[in-house]
Amino acid sequence: MPWCAECDRFYNPNSLQADGTCPTCGRAVGEPEKLRKFSDEPAPWHFKVLLVAVVVYLGYRLYEVVLWGLQSL
Ligand SMILES: [Zn+2]
């Protein structure tokens, strides 16, 4: 729960300004709305790129391990 030390009180996240600042003194006490809503948004494209890169890398390592296994037979 966002706490404003300036006003000495707790705030409901919904009662804060959209940018996460205190409605009374303007001090930053909570997360900006953008961050709060981040989990509801679809994964950003760079996250998908990273995911694909990891899958390709792991697939390549698996391929290497299989090749190594075949060679040692
Ligand atoms: Zn305040």
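## Ground rules

A residue counts as buried if 20 or more other C-beta atoms lie within 10 Å of its own, exposed if 12 or fewer do, and partly exposed in between, with C-beta atoms placed from the backbone. Keep that in mind for glycine 20, which has 19 C-beta neighbours inside 10 Å and so counts as partly exposed.

What you're looking at is a predicted model, where local features need pLDDT of at least 70, side-chain atom pairs count only at pLDDT 80 or more, and totals for chains, interfaces and linings use all residues. Residues are numbered from 1 along each chain as its sequence is written.

## The overall layout

The chain has two helices and two strands; here helices (H or I, at least four residues) and strands (E, at least two) are DSSP runs, numbered from the N terminus. Read from the N terminus, the order is β-β-α-α.

Of the chain's 73 residues, 7% count as buried. Two residues are in contact if their C-beta atoms, placed from the backbone, lie within 7 Å. Among the chain's contacts with a separation of 6 or more, 9% involve residues 24 or more positions apart.

## Helix 2

Helix 2 takes in residues 45–71, which is 27 residues. From its first C-alpha to its last it reaches 39 Å, close to the 39 Å expected at 1.5 Å a residue (the expected span is 1.5 Å times one less than the number of residues). How many of its 27 residues are buried? The count is zero, so helix 2 is hardly covered.

The predictor's confidence in each residue is its pLDDT, on a scale from 0 to 100. The chain's mean is 87, and 88% of its residues reach 70 or more. Where is confidence lowest, and where is it highest? Helix 1 has the lowest, at a mean of 62, while helix 2 has the highest, at 94. Where pLDDT is low, the predicted coordinates should not be read in detail.

## The loop between the strands

Aspartate 8 sits in the loop between strand 1 (3–4) and strand 2. It's exposed, with 7 other C-beta atoms within 10 Å. Its phi is positive, about 60 degrees, although aspartate 8 is not a glycine. Most residues other than glycine have a negative phi.

Proline 23 is exposed, with 12 other C-beta atoms within 10 Å. Leaving out residues up to four places away in sequence, proline 23 touches Ser15, Leu16 and Gln17. Its C-alpha is 9.3 Å from that of tyrosine 11, 12 residues away along the chain.

Asparagine 12 is also in this loop. With 9 C-beta neighbours inside 10 Å, asparagine 12 counts as exposed. The C-alpha atoms of asparagine 12 and glycine 30, 18 residues apart along the chain, are separated by 9.5 Å.
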